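This report is for a reader who is new to the structure shown below.

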Amino acid sequence: MRFSPVIIVCCAMLLTVGCTKKEAPSSTRLQVVTTLFPLYDFARTIAGGTADVTMLLPSGVEPHTFEPKPEDMIRISRAGLFVYTSRYMEPWADKIVSGINSRTLRVVNAGEKVTYRAAVSSDDHDDHNHHTGHKEHGDQKGMDPHIWLDFANAAQMVDAILAGFTASDPGNSALYRQNAEALKARLAALDDRYRKNLTSCATRKLLHGGHYTFGYLAHRYNFEYHALSGISSDAEPSAERMVGLVREIKSSGSRYLFAEELLSPRLTETLAHEAGVGVLMLHGAHNLSRDDQSRNVSFFDLMERNLEQLRKGLQCRAE
Ligand SMILES: [Zn+2]
């Protein structure tokens, strides 16, 4: 039996790949556990295939009420690097980490250097405009955890994750640094595209039939943000808030109400119907659906989708 040269070359390549894998078993590679999707996506980009990056949240799981199970704690304790967003997003993280007895685990609070904003809906401003202090200072419980939706914050998160990578695996630090720089350049370009595309819009009111997710985005691109409920997606909207949002839609002249990915769209659809407008989806990127995960959707894919929806919903034209 004779083999063609092509088959021989292919077999040799397969053997080489097999050998390379044997030379670098996964146990010697940096093991990284991340909580939410943006952290996972940034970490796997920085890793560039050199480290093993996983996400703690199963696809489709609600992130605000997520509590790690014992097996999740074991996963974290066996990792070299654990990356979470902040104590506002994962209030359980500090406690879990302090309970883990590991000399090798390094913990990254990705939002440590970010300047947090309070979750103050524009409706709150209207209701309490006599009160100038608001909740921006002091009330830490009301801090908005959705920091990744301001791409300058996202770049700071990339820096924090990079610092964790280079400290845990200094041998590959040049590669990690290079990947992080490229990632930050993409975030800066995305920010630029958002700014150019969202400057000239028919309305500056971002009306959202979901939980308070887009406060940072609204602040960065100068929109007035009205969300139906609070900073957690399990927060129940009040009847008063629903009536208020319908009134706001009608008076704003908006043609669309934005819906979110974490809740059933039924309530948003009902409110939009009541106000006589359409519904458009905006993705908060906390987590991926099973569908998006199977299609290997990236943070940038979600943000490009959002930009298209924002342009349509707010009737914007590029500068
Ligand atoms: Zn959220």
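## Helices α7 and α12

In this predicted model, helix α7 (residues 173–197) and helix α12 (residues 299–313) have axes that come within 11 Å and cross at roughly 5 degrees. An angle under 35 degrees counts as roughly parallel, and α7 and α12 are therefore roughly parallel to each other. On the α7 side, the contact is made by R186, L190, R193, Y194 and N197. On the α12 side, F300, M303, L307 and R311 take part. Sorted by class, this contact of α7 with α12 has 5 nonpolar, 1 polar and 3 charged residues.

## Helices α6 and α7

Helix α7 also packs with helix α6 (residues 151–168): the two axes come within 9 Å and cross at roughly 175 degrees. Angles over 145 degrees count as roughly antiparallel, so α6 and α7 are roughly antiparallel to each other.

From α6, the residues in this contact are F151, A152, A154, A155, V158, L162, F165 and T166. From α7, they are S173, Y176, R177, A180, L183, K184, L187, L190 and D191. The contact of α6 with α7 has 12 nonpolar, 2 polar and 3 charged residues. L190 of α7 is listed in the contact with α6 and also in the contact with α12.

## The chain as a whole

The protein chain has 12 helices and 10 strands. It consists of 319 residues, of which 38% count as buried. Among contacts in the chain with a separation of 6 or more, 65% are accounted for by residues 24 or more positions apart.

## The largest nonpolar core

Which residues of the largest nonpolar core touch the most other members? Of its 77 residues, they are V32, A43, I46, V83, I161 and L257. Domain 1 (23–116 + 147–189) and domain 2 (191–317) both give residues to this core, so the core lies between them.

I46 is one of the residues that touch the most other members of the core. Not counting residues up to four places away in sequence, I46 touches I161, L162, F165, Y176, N179, A180 and L183. Among these, L162 and F165 of α6 and Y176, A180 and L183 of α7 also belong to the contact of those two helices.

## Two residues with positive phi

Most residues other than glycine have a negative phi. N222 has a phi near 65 degrees, a positive value in a residue other than glycine. N222 lies in the loop between α8 (215–220) and β7 (224–227). N222 counts as exposed because it has 11 C-beta neighbours inside 10 Å, and the limit for exposed is 12 or fewer.

Q315 also has a positive phi, near 50 degrees, and is a residue other than glycine. Q315 is found in the loop between α12 and β10 (316–317). With 15 C-beta neighbours inside 10 Å, Q315 counts as partly exposed.

## C316 in strand β10

C316 is placed in strand β10. Is C316 buried or exposed? C316 is buried, with 20 other C-beta atoms within 10 Å; a residue needs 20 or more to count as buried.

Leaving aside neighbours within four places in sequence, C316 is in contact with N197, L198, S200, C201, L310 and R311. Of these, N197 of α7 and R311 of α12 are also part of the contact between those helices. The C-alpha atoms of C316 and R204 are separated by 9.6 Å, and the two residues are 112 residues apart along the chain.

Methods: Residues numbered from 1 in each chain as written. Predicted model: local features only at pLDDT ≥ 70, side-chain atom pairs only at ≥ 80, totals over all residues. Axes fitted to C-alpha atoms, helices over the stretch in contact; angles between N-to-C directions. Helix = DSSP H or I, 4+ residues; strand = E, 2+ residues; numbered from the N terminus. Parallel < 35°, antiparallel > 145°, perpendicular 65-115°, else oblique. Contact = placed C-beta atoms within 7 Å. Nonpolar A, V, L, I, M, F, W, Y, C, P; charged D, E, K, R; others polar. Core = buried A, V, L, I, M, F, W, Y, C linked by C-beta atoms within 7 Å. Domains from an automatic or database assignment.
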